[in-house]
Amino acid sequence: MGGCEGSRWRLLDSEREETTSEPQAPLLEPQSAHWKNAVGFWLLGLCNNFSYVVMLSAAHDILRHERASGNQSHAVLLADILPTLIIKLLAPLGLHLLPYSPRVLVSGVCSAGSFILVAFSHSVAISLCGVVLASISSGLGEVTFLSLTAFYPRAVISWWSSGTGGAGLLGALSYLGLTQAGLSPQHTLLSMLGIPALLLASYFLLLTSPEPQDPGGEDEAETAARQPLIGSETSESKPGSSWNLSLQERWMVFKGLLCYIVPLVLVYFAEYFINQGLFELLFFRNTSLSHAQQYRWYQMLYQAGVFASRSSLRCFHIRFIWVLALLQCLNLAFLLADVLLTFLPSIYIVFLIILYEGLLGGAAYVNTFHNIALETSDQHREFAMAAACISDTLGISLSGVLALPLHDFLCQLP
């Protein structure tokens, strides 16, 4: 990767030309820039999802403390997914009106606000406001940072994805560990206000200035063997430039992305149908683990699988995402059959299946965005990454619509 000049955030949004009277900052060595960007995107992925995972766990604790009803628990899921869904639906249409730096600031402020609101909450309504702020932070952050990867080497997609996968494990473990160590939920949340600060520091201080990317490097042979998904322009682009596309061009790019969007929607639909509708019903009595402990093990193994596969892009690439969608749907069918017929003899078989479920979901996410980066032209890549963000959230939303009523129905069966 080429050298980078000056502070990254100032060059990103101002788009001002440097005058000759300004001193030139020393060029970074390629290896130094590579690691700054790699660590920067890993931390951005971690912080973007970490706050969301921790805050949502705390919100459920407060709802339990307030003796929330089942309808209020469903309201948490609604507040959790609706803001992100709206942001991602609107992202391909008008998010370009807000430059990158203000978007990151809004994301960081919403993340910090979610911690503060839930920490001092004494009512369900305030807790739900905290969930909404965390959802806004996570959704806006994902759209922003995935779009930003279009102006860095493609390796940063792997680092971003690995960070988001690590957030699931580290977020849940840190909240559980600190509360088990004796900290109150309020003090635990306030102690984590450093996470939004780390997100802002990673963006403004760690990332180098985005440069027009050379399609060569480790993906050169693979890129050369493929035709762009849409468009073949080779002109240099700057952050925000792809948003000058006409509506017709955007529609053409979006249609080209459907071969990745549809399979990823199916992967997340099946994945969260299992998580939301079946986890609590996969209960084994022939084990020393309580019902709650079994559920926590399911969640932990799922997050471990997601983290491992989101970090696997350097080991192998998967082009055909529809294969992962098919395998995840088979997972759903198999576990649903076991809930109805209870034919599996041991919980350890379910442990393996859930770990496998997480591996499929994480692999689908990282390979989808890697493939889009490979198969879109420079002019369209920023828009394509933002447009494809809707896939996981749409799949989760559709699964919630069906999984929650099915869960209630299955609970009523004799």
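Leucine 78 belongs to helix H3, which covers residues 70–94 (helices are DSSP runs of H or I with at least four residues, numbered from the N terminus). Together with Leu82, Ile86, Leu89, Leu90 and Leu93, Leu78 forms a nonpolar patch on the surface with about 570 Å² of accessible area. Such a patch takes residues with over 30% relative accessible area and no salt bridge, with nonpolar side chains joined within 5 Å, and the areas come from the Shrake-Rupley method with a 1.4 Å probe.

This is a predicted model, in which local features need pLDDT of at least 70 and side-chain atom pairs count only at pLDDT 80 or more, while totals for chains, interfaces and linings use all residues. Residues are numbered from 1 along each chain as its sequence is written, and side-chain values use heavy atoms, with hydrogens and water left out.

Across the whole structure, four salt bridges are found (a side-chain nitrogen of Lys or Arg within 4 Å of a carboxyl oxygen of Asp or Glu). One of them pairs lysine 88 with glutamate 142, whose closest N and O atoms are 2.4 Å apart. Because lysine 88 lies in helix H3 and glutamate 142 in helix H5 (residues 124–148), the pair ties together parts that are 54 residues apart in sequence.

Helix H6 (residues 155–180) packs with helix H13 (residues 347–375) at an angle of about 160 degrees, with the axes 10 Å apart; axes are lines fitted to C-alpha atoms over the stretch in contact, and angles run from 0 to 180 degrees between N-to-C directions. H6 and H13 are therefore roughly antiparallel, a term for angles over 145 degrees. Their contact (heavy atoms within 4.5 Å) involves Ile157, Ser158, Trp160, Ser161 and Thr164 of H6, which meet Tyr365, Val366, Phe369, His370 and Ala373 of H13.

The axes of H13 and helix H10 (residues 247–278) come within 10 Å and cross at roughly 165 degrees, so H10 and H13 are likewise roughly antiparallel. Among the residues in contact here are Leu257, Tyr260 and Leu264 of H10, and Tyr365 and Phe369 of H13.

## Helix H10 against H14

H10 also packs with helix H14 (residues 378–388), at an angle of about 55 degrees and with the axes 10 Å apart. H10 and H14 are therefore oblique to each other. The residues that make this contact include Val253, Phe254 and Leu257 of H10, together with His380 and Phe383 of H14.

Notes
Patch = residues over 30% accessible without salt bridge, like charges linked within 9 Å, V, L, I, M, F, W, Y side chains within 5 Å. Helix = DSSP H or I, 4+ residues; strand = E, 2+ residues; numbered from the N terminus. Parallel < 35°, antiparallel > 145°, perpendicular 65-115°, else oblique.
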